[in-house]
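Hi,

Here is the structure I promised to pass on.

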Amino acid sequence: MLFVTQVIFATLPIASKLILPVVEPLGIAAFRIFGAALAFVTVKWSFRRGRVTAPRDLLALIGLSLLGVALNQVLFLEGVQRTTTVHANILITTIPVFTLGIALLLGRERASALKLTGIALAGAGAAYLALARGGSADGASLLGDLLIVANSVCYASYLVLSKDLLKRYDPVTVVTYVFLFGALLIAPFG
């Protein structure tokens, strides 16, 4: 399953580049989010998973849907439109770096020399590869690269912040609500 996930992550910028000349980023984001919401609702309904009724948790799910679904998708697709697939693939490798960095900043992980060294090496490696691969002459732009980095920060924040809800609720329930709220957030724009 991890192999399939990595293949999807690696080919997503390529597939997006092929579709972007025909469909705007917000349209693709809306299509993906609505499709995922429908799929998760179907799975949740089929297995009769739990419900979230606590107002505090519903607000948290709305915030997670903004970070992990709406902003994540829009920033990624807007970034891919403005940079190269190589840059996008290199820059999305920063997600684990940002995840650990955010977890450290929020006190959800303990800092250690090994973790800090790993963050520094991974960040430096991604920056070096992105800068060494050329710039605007190859179709990359600073704006596009920054949008991909912002996408990575949003998704990393979602990963860290969703941990508490995932301890209290079934993962299918959490993801279903996140995508349903994400669909509502993206609907006016998509």
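Below is what turned up, starting with the ground rules.

This is a predicted model, so local features need pLDDT of at least 70 and side-chain atom pairs count only at pLDDT 80 or more, while totals for chains, interfaces and linings use all residues. Residues are numbered from 1 along each chain as its sequence is written, and side-chain values use heavy atoms, with hydrogens and water left out.

Buried here is under 20% relative accessible area, exposed is over 50% and partly exposed is in between, with a 1.4 Å probe and protein chains only. Helices are DSSP runs of H or I, at least four residues long, numbered from the N terminus.

Leu61 is worth a click: setting aside neighbours within four places in sequence, Leu61 is in contact (heavy atoms within 4.5 Å) with Val52, Leu165, Val174, Tyr177, Val178 and Phe181.

Then there's Ala30, in helix H2 (residues 25-47). Ala30 counts as buried because its relative accessibility is 6%. With neighbours within four places again left out, Ala30 is in contact with Ile186 and Gly190. Its C-alpha is 10 Å from that of Val69, which sits 39 residues away along the chain.

On to charges. There are four salt bridges, meaning a side-chain nitrogen of Lys or Arg within 4 Å of a carboxyl oxygen of Asp or Glu.

- Glu78 and Arg82 pair up at 2.5 Å, N to O. Both are in helix H3, four residues apart, about one turn of the helix. Glu78 is buried at 18% relative accessibility, whereas Arg82 is partly exposed at 32%.
- Asp164 and Arg108 meet at 3.6 Å, N to O. This pair links distant parts of the chain, 56 residues apart: Asp164 is in helix H8 (residues 163-168), and Arg108 is in the loop between helix H5 (95-105) and helix H6 (113-132). Asp164 is partly exposed at 31% relative accessibility.
- Glu109 bridges to Lys115, with the closest N and O atoms 3.0 Å apart. Glu109 is partly exposed at 32% relative accessibility, and Lys115 is partly exposed at 27%.

Cheers

Definitions and conventions:
Helix = DSSP H or I, 4+ residues; strand = E, 2+ residues; numbered from the N terminus.
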